[in-house]
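Trainee: I am new to this structure and would like to go through parts of it slowly. Could we begin with the terms we shall need?

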Amino acid sequence: MLGTALNLSRAATAAARATGMGLLSRTPSLLSPSSSRFFCGPQGSNATPVALQMIDYALSHARSLKSDESYAQGLLVLEQCLSTHSNEVDDTTSQNSRGMVLLAMSTLLSERGAFDDAIDKLQIIQGLAESHLGVRVASMEGLVGLNLQLERDDTSRVLADKCVQLLGNDTADIGNGFGSKVLNVRAKALKGLVELVHGNLESAESFFQGLQDEKGCTGNAALSYGEFLHSMGKFSLAKELYQKAIEGISANKEFADPYALAACSMSGREVQLAATCDLGQLEGQLGNFSEAEEILTRVLTKTEEHFGSHHPNVGIVLTCIALMFRHKAIMEHSSSLLIQEGLYRRALDLLKAPSLETEGSKADVAQRDIVALARGAYAEVLCVQQNRKDEGERMKSWAQTAWRNRRLSLAEALEMSELCSKVPIIDARISRAL
């Protein structure tokens, strides 16, 4: 993560010298006037058209090439915008503008793996007390997502509690209408997700209960609730929630609605990808392998388009595809060892899995749950080959010591019989196995 941040910093410096800040001076002319309609909803929730235009441009420019330089240039645009609005009168509009710029900055940093820098940007928003509640909820949601991704589970629990408390204290700011209900649904679902990660299903249920009847149960809320139902074996209801999450995101544009603002791994596009991935996993667990393969192949393509073909999130989706082929082989008494091995090898390479010589329990590895799950399944492929059995046993041992999931043992996560009551769910949004 430090290396990524340094690369971005160097690229930004180089870009600034090469262009003489020309990129920043060109920005307004490249934007559509219609951008000013974004985030201009309820009274007091508006941000300046300039801020919205610069956010729109910075995000699209950074993602156009998916390089350190393009992301650094996008961040330069946002830094300039933040500086401009910091010198203005510190009113609601100014704080909304700065808050939204910080949300966009944290999202770009997160997409490049600079998670601690993204966290720093989100924490600044908590001090913008006059900003719209939707801005602060989005920052809190982003903080929880990043801390879950980094396995800082206790911190994520504290933050989720603060988010619930924030809604309890400040909902008067936005009244008791639809917007207030949307933010309350998001806060409850966020807390439910944290409890699910902790393996506390009863506690999670208490926060999810009744949310399916709320109109605000879309996006992150629908995805998290769907994952809870999925973990409980309520597949039909889970499928409905996943589809709701996918369709709800499709209907919104980034930064278009103050009540739907999101950042980092909880941003709309990442939620849509994660919900589609979950839907593919569910179809595979139901034995609908053709549908599962089609869905997971589609989400693989979209993940590569959004993040680039060498991003760790691509490795997460490849792991899901490999596990689907494993399940298919077990259920159909067939073999797909070569396909599985190719997928596991590519996935583990993208996930930057450490050497087997490093003890699993002590290894400093990102996406630990998914790496352990992939290696545990890959070990099975090796163990059935007599000349590779020793390597398979070492890989199995590494995976068992690395696995830390609270709800399932590694053996339970890999159990694929029709009698199995527990199923693993890989959440590509937070890079965790649930």
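Mentor: Contact means heavy atoms within 4.5 Å, and helices are DSSP runs of H or I with at least four residues, numbered from the N terminus. This is a predicted model, in which local features need pLDDT of at least 70 and side-chain atom pairs count only at pLDDT 80 or more, while totals for chains, interfaces and linings use all residues. Residues are numbered from 1 along each chain as its sequence is written, and side-chain values use heavy atoms, with hydrogens and water left out.

Trainee: Against which helices do the buried residues of α18 pack?

Mentor: Buried means under 20% relative accessible area, taken with a 1.4 Å probe on protein chains only, and in α18 this holds for G392, M395, W398, A399 and A402. Seen down the axis of α18, the buried residues fall within an arc of 125°, judged by the directions from the helix axis to the C-beta atoms, so they line one face of the helix. The helices they pack against are α17 and α19 (410–414).

Trainee: Which residue lies over the face of W398?

Mentor: A charge sits over a ring if NZ of Lys or CZ of Arg is within 6 Å of the ring centre and within 35 degrees of the ring normal. At 4.6 Å from the ring centre of W398, the residue is R375.

Trainee: Are Y344 and Y378 buried or exposed?

Mentor: Y344 has 0% relative accessibility, and Y378 has 3%. By the cut-off given above, Y344 counts as buried, and Y378 likewise counts as buried.

Methods
Buried < 20%, exposed > 50% of the residue type's maximum accessible area, 1.4 Å probe, protein only. Helix = DSSP H or I, 4+ residues; strand = E, 2+ residues; numbered from the N terminus.
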